[in-house]
Amino acid sequence: FLPSFWQGVVETMQTFKINVQFSLTMPVYDARLSGSLDEEKTVEISGGHIKGLIKPPDQLKLTEAELKEKITRVLTTQNPHAPDNIVRWIFKDRCFKPCVVDHMIPIFELEGNLVYKNSDEGRRLMLKQGEVEEAGEEDRPDSAASKTDKKEPKITNIFNSCDRATQTLDNPPREINCQTEPPPRSRFSASANQWEIYDAYVQELQKQEKNKEKQKAVPSEKDEKSHKKMMLMETQDVDLSKMSKAAKTLERMVNQNIFDEIAQDFAYYEDPADELKFANGTLLPLWTFKYDQAKKLSVTALCWNNKYPDLFGVGMGSYSLCKQGSGMLLFYTYKNCSFPEYIYPTSSGVLCLDIHEQCTYLVAVGFYDGSVAVYNLKMEGKEPIYKSTAKTGKHTAPVWQVCWQNDDMDSNHNFYSVSSDGRVVSWTLVKNELVCTDIIRLPLIGCVSNFTACGTSMDFHKQIDYLFLVGTQEGKIYKCKTYSSKILETYDAHPMRVDTVKWNHFHPKVFISCSSDWTIKIWDYTINTPVLIFDLKEPVGDVAWSPYSSTVFAAVTTDGNVHVFDLNINKYEALCQQLVVDKKKTKLTHIAFNPIHPIIIVGDDRGNVNSFKLSPNLRKKPKASGSYSNKINKYEQKVDALKFYT
């Protein structure tokens with residue numbers, strides 16, 4: 001086996017014309033395998049020699065039977081001498097783990113370089129040795145002689161097809177050039193140094209001194225005209241309108257830096273005491289909105305903007321008959337609490353306002369002199385775009401409530417108003433005028449003559465557009481329709497004036513009312529008696545339903561307290577009763593819930609608007625719709641039982 005193997009190796013090397021000399025010594029590990037070999041043998045191959053020690057002197061002598069005995073050897077891939085208990089520390093797992101042991105044993109290794117003899121390197125080596133044959137170069141297929149003598153055979157087409165070529169003409173390219181006139185240019189150069197700056201200041205001081213001298217002297221007509229021209233020239237040089245947007249942005253940034261703690265409380269603070277109080281809650285004071293020119297006026301109306309939840313409108317006026325005068329319509333945002341976003345001075349005091357739900361830039365306002373107006377926040381100027389007059393049918397008494405409604409059949413905006421003259425009027429915005437339509441005249445029940453009741457409040461149903469409630473000075477509440485002059489139902493609500501009446505946002509049959517008789521009453525419009533009555537022991541100024549729960553409402557009293565109720569938790573007492581004004585003589589007039597954020601705003605009779613954040617116990621949302629519908633069904637069953645007993 002061994003001589004034939006090495007003979008093949010050497011013959012392979014001779015084909016590459018390389019002489020290799022090496023020796024191989026193979027010790028025999030098993031005496032039984034060496035019995036059929038010669039004792040010593042030397043093989044010489046092409047100048048090299050291989051020596052093999054076949055039989056060592058201390059080899060065991062075996063008999064013929066022992067030599068002929070066949071011994072089976074099983075070869076495995078594992079090295080029996082390799083250790084199998086090696087471990088390494090793994091820092092990732094922080095423990096010792098066994099590592100893999102290599103069981104491969106190299107039997108034969110040979111380091112050498114084999115070069116193909118027809119390659120460039122092989123021919124260079126053969127030239128050095130002088131063994132290159134000249135005839136062999138002509139036989140090479142890549143020689144120049146073979147290229148000239150031999151012709152390339154023509155390859156036949158196996159598909160028996162003919163080759164055809166066509167050429168198409170390219171369209172000639174066209175160049176289109178145009179030339180524009182360069183824009184006019186002008187060069188300006190100036191230098192600024194200390195002397196020029198000094199001269200400019202000196203000239204300014206001289207102008208100021210001359211102006212002082214002119215003021216001391218008696219001005220003539222010519223001087224007045226020239227002075228006016230100078231003032232016009234100076235005002236034309238500086239256009240403040242271009243800076244208004246940048247100044248407003250800068251003002252907001254400064255305010256947000258000043259009131260950063262309040263902004264952080266609004267966004268993240270939650271009262272941890274609610275976990276220990278179980279049902280009770282608190283109000284966290286946030287921003288205070290005030291305007292210096294409205295200190296002597298009272299907050300007569302509050303309304304949030306549905307599209308921009310940080311913007312709300314404030315109506316400024318007076319409830320006192322002896323202190324009537326001018327009023328204001330202000331719009332605040334809690335991004336800038338130091339100054340109003342919009343200011344509209346009015347000749348008469350504002351008593352009510354309402355912002356359109358879709359067109360949030362339209363604001364309907366009712367005044368103390370009986371007129372109504374519509375303001376457009378997008379338009380510049382301080383005057384309303386629509387205003388009622390005596391010719392167009394304005395009210396003859398103060399307007400206490402205005403409410404926007406859906407557009408009519410001609411897609412014209414319209415709103416409703418109620419006044420102390422006993423009229424409920426629909427106003428339609430047609431082109432450049434307000435068109436009024438009398439809906440109903442409120443009758444004075446118990447009076448023989450044709451006197452009318454004084455309307456003080458109004459609210460439309462949240463789901464039924466044509467159904468609305470009207471509160472009166474005499475303490476009655478009327479349920480009416482927009483397309484009929486008849487009264488559907490009369491509720492003997494309070495012994496005094498009904499200040500506010502509001503439909504529930506979720507339950508279609510429930511509404512709430514408050515009065516100066518210290519009470520708040522919750523009604524079901526199917527029965528004439530109140531379902532719940534709350535006595536706050538002080539005159540109630542306003543009440544409002546929350547937009548997130550059907551059982552939560554809040555009210556303000558003239559002693560400066562805010563009362564927050566949740567009928568789902570406690571049907572008898574308020575969850576929160578908190579004093580929110582500093583001075584004892586300050587009276588709260590109105591309250592409004594933010595449509596998105598857990599915020600309420602409260603207005604007082606000193607022109608201030610305070611904002612508060614509701615603690616988690618005061619803004620719990622109702623459970624799933626299934627349980628809520630079950631509660632409504634139970635409530636309706638109780639109402640039916642009350643009807644039966646009454």
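This note sets out numbered points on a predicted model, for a reader new to protein structure.

1. Basis of the note. The model is predicted, so local features need pLDDT of at least 70 and side-chain atom pairs count only at pLDDT 80 or more, while totals for chains, interfaces and linings use all residues. Residues are numbered from 1 along each chain as its sequence is written, and side-chain values use heavy atoms, with hydrogens and water left out.

2. Helices (H or I, at least four residues) and strands (E, at least two) are DSSP runs, numbered from the N terminus. An open sheet is formed by 4 strands in the order E10-E11-E12-E13, with antiparallel pairing. Its edge strands, E10 (350-355) and E13 (386-387), each pair on one side only. Two strands count as paired if DSSP finds at least two bridges between them; E10 and E11 (residues 362-367) pair over 5 bridges in the antiparallel sense. Within this pairing, Cys-352 stands opposite Gly-366 of E11. Strands of a sheet pair through backbone hydrogen bonds, either parallel or antiparallel.

3. Salt bridges. A salt bridge is a side-chain nitrogen of Lys or Arg within 4 Å of a carboxyl oxygen of Asp or Glu. By this rule the structure has 11 salt bridges. Side chains of opposite charge can pair when their charged atoms come close.

4. Asp-120 and Arg-123 form a salt bridge whose closest N and O atoms are 2.5 Å apart. Both residues belong to helix H3 (residues 120-129) and are 3 residues apart, about one turn of the helix. Residues are called buried under 20% relative accessible area, exposed over 50%, and partly exposed in between (1.4 Å probe, protein chains only). Arg-123 is partly exposed because its relative accessible area is 26%.

5. A bridge between distant parts of the chain. Arg-252 and Glu-341 meet through their side chains in a salt bridge of 3.2 Å, N to O. Arg-252 lies in helix H8 (residues 241-258) and Glu-341 in the loop between strands E8 (327-333) and E9 (342-346), 89 residues apart. Arg-252 is partly exposed at 24% relative accessibility, whereas Glu-341 is buried at 15%.

6. A bridge between two strands. Asp-438 and Arg-423 form a salt bridge, with the closest N and O atoms 2.9 Å apart. Asp-438 is in strand E17 (residues 433-441) and Arg-423 is in strand E16 (residues 423-430), 15 residues apart. Asp-438 is partly exposed, at 41% relative accessibility, but Arg-423 is buried, at 9%. Elsewhere, salt bridges that share partners join Lys-248, Arg-252 and Glu-341 into one network.

7. A buried threonine. Thr-557 belongs to strand E27 (residues 552-557) and is buried, with a relative accessible area of 1%. Its side chain makes a polar contact of 2.3 Å with that of Asp-559. A polar contact is a pair of N or O atoms within 3.5 Å; within protein, one must be able to donate a hydrogen and the other to accept it, and residues adjacent in sequence count only if both atoms are side-chain atoms.

8. Positive phi values. Ser-411, a residue other than glycine, has a positive phi near 60 degrees. Ser-411 lies in the loop between strands E14 (399-405) and E15 (414-419), and is exposed at 56% relative accessibility. Trp-518 likewise has a positive phi, near 80 degrees. Trp-518 lies in the loop between strands E23 (510-515) and E24 (519-524).
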